[in-house]
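Hello,

Here is the structure I said I would pass on. My notes on it follow below the files.

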Amino acid sequence: MPASTEYPPFRLGESRFDQGSFYGRLRHFLDVIDPRTLFVSEKRLNECMKLLDQFKNGTLPPSVTNVQLWEAQKIKQAIIHPDTGEKIPMPFRMSGFVPFGTPVVVGLLLPNQTFASTIFWQWLNQSHNACVNYCNRNASKPTPVSTFFQGYLGAVSSAVTIAVSSHACTKLYYLSLHLASANVCNVLLMRHTELSEGICVLDDKGNVVGTSKLAARHALIETSLTRVVLPMPVLLLPPLIMAMLERLPLLQKCPRLGLPVHSMVCLCAFGLALPVAISLFPQNSQIHVSELEPEIAAATECKILTYNKGL
């Protein structure tokens, strides 16, 4: 594929892929969750941010290419929160979701779980989810730390209660439903302040038009739907694949290989499920002013506004 097609003229704050199609969003989010960005040094991050600032201010050296600019933006978007401008802790970045979450998924799928081990793995899973949901929220409005802890306690306790109720279930279908319900509950409680305070909506020039609770509701619905889809492949594929692999002579002769093979299968399933789930909707979604509050519609001539739904 020609470089000009792969790397079009750089656009600050925009994706180099078409966000109007699922395939374009999938390619965009594969960049966002690229685990290689976890190893970017502080020096490299600062160089990327400097390049983007130079482009914004019109002081970019002529030798800098579109490829360098797109790569710089990819690194910044993977590490820096778009609203707060602060670094997201490594385990809670979307690029760290699969590497740090896979051991938890393996624990969740271990056979012959006791009630105590079920509680432990569900607590660990929902704690990680809660922190990921909070760190990747729409932060256009400040959230007190006390609100985070209130949301965390509510999200984890309720989500674990829902998930633990599936302990007696043996069918993967019901396990998936329980975990999906727990994930939705986690999202809503960790980001409930967005519903009460609203999120910023922007016009076609990137200017803030106002704060909308209705846009926040749309954002949380979209994010919740991604959390419904996310656990399905992770819970359904590994047991089915392992049932076939365990028939192989190698695993029958060396049963100790079962756990590492199981872990790799979970890693692959998780790595597949995450980009597919978060690609269902664009990160910067559009909404017609008729679906928003009257005061928002009265404050702008634009008919379509944009909001960041978070991840």
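**What was found**

Of the contacts in the chain with a separation of 6 or more, 71% are between residues 24 or more positions apart. Please keep in mind that the model is predicted.

**Overall dimensions**

The chain holds 14 helices and four strands. A compact globule of 311 residues would have a radius of gyration near 19 Å, and the chain agrees with this at 21 Å. The C-alpha trace spans about 65 × 45 × 35 Å along its principal axes. Buried residues account for 46% of the 311 residues.

**Surface and charge**

The accessible surface of the chain is about 15,900 Å², and carbon and sulfur atoms contribute 64% of it. There are 26 positive and 21 negative side chains in the chain. The centres of these two sets are 8 Å apart.

**S15 and helix α2**

S15 sits in the loop between α1 (3–6) and α2 (22–32). Its relative accessible area is 13%, which is under the 20% cut-off, so S15 counts as buried. The side chain of S15 makes a polar contact of 3.3 Å with the side chain of Q19. Leaving out residues up to four places away in sequence, S15 touches H28 and W70.

H28 is also one of the buried residues of α2. As background, an α-helix has 3.6 residues a turn, so residues three or four places apart point the same way. The cover over the buried residues of α2 includes α4 (66–79), α5 (94–108) and α13 (258–278).

**K303**

The other residue I looked at is K303, in the loop between α14 (294–298) and β4 (304–308). Is K303 buried or exposed? With a relative accessible area of 54%, K303 is over the 50% cut-off and therefore exposed. K303 still has contacts: setting aside residues up to four places away in sequence, K303 touches I287, H288 and V289. The C-alpha atom of K303 is 15 Å from that of L214, and the two residues are 89 residues apart along the chain.

To put the two sites side by side: S15 is buried at 13% relative accessible area, whereas K303 is exposed at 54%.

Regards

Conventions: Residues numbered from 1 in each chain as written. Predicted model: local features only at pLDDT ≥ 70, side-chain atom pairs only at ≥ 80, totals over all residues. Heavy atoms only, no water. Helix = DSSP H or I, 4+ residues; strand = E, 2+ residues; numbered from the N terminus. Rg over C-alpha atoms; globule rule 2.2 N^0.38 Å. Buried < 20%, exposed > 50% of the residue type's maximum accessible area, 1.4 Å probe, protein only. Contact = heavy atoms within 4.5 Å. Areas by Shrake-Rupley, 256 points an atom, 1.4 Å probe, with all protein chains shown as cover. Lys, Arg positive; Asp, Glu negative; His and termini not counted. Charge placed at Lys NZ, Arg CZ, Asp CG, Glu CD. Polar contact = N/O pair within 3.5 Å; in protein donor to acceptor, adjacent residues only side chain to side chain.
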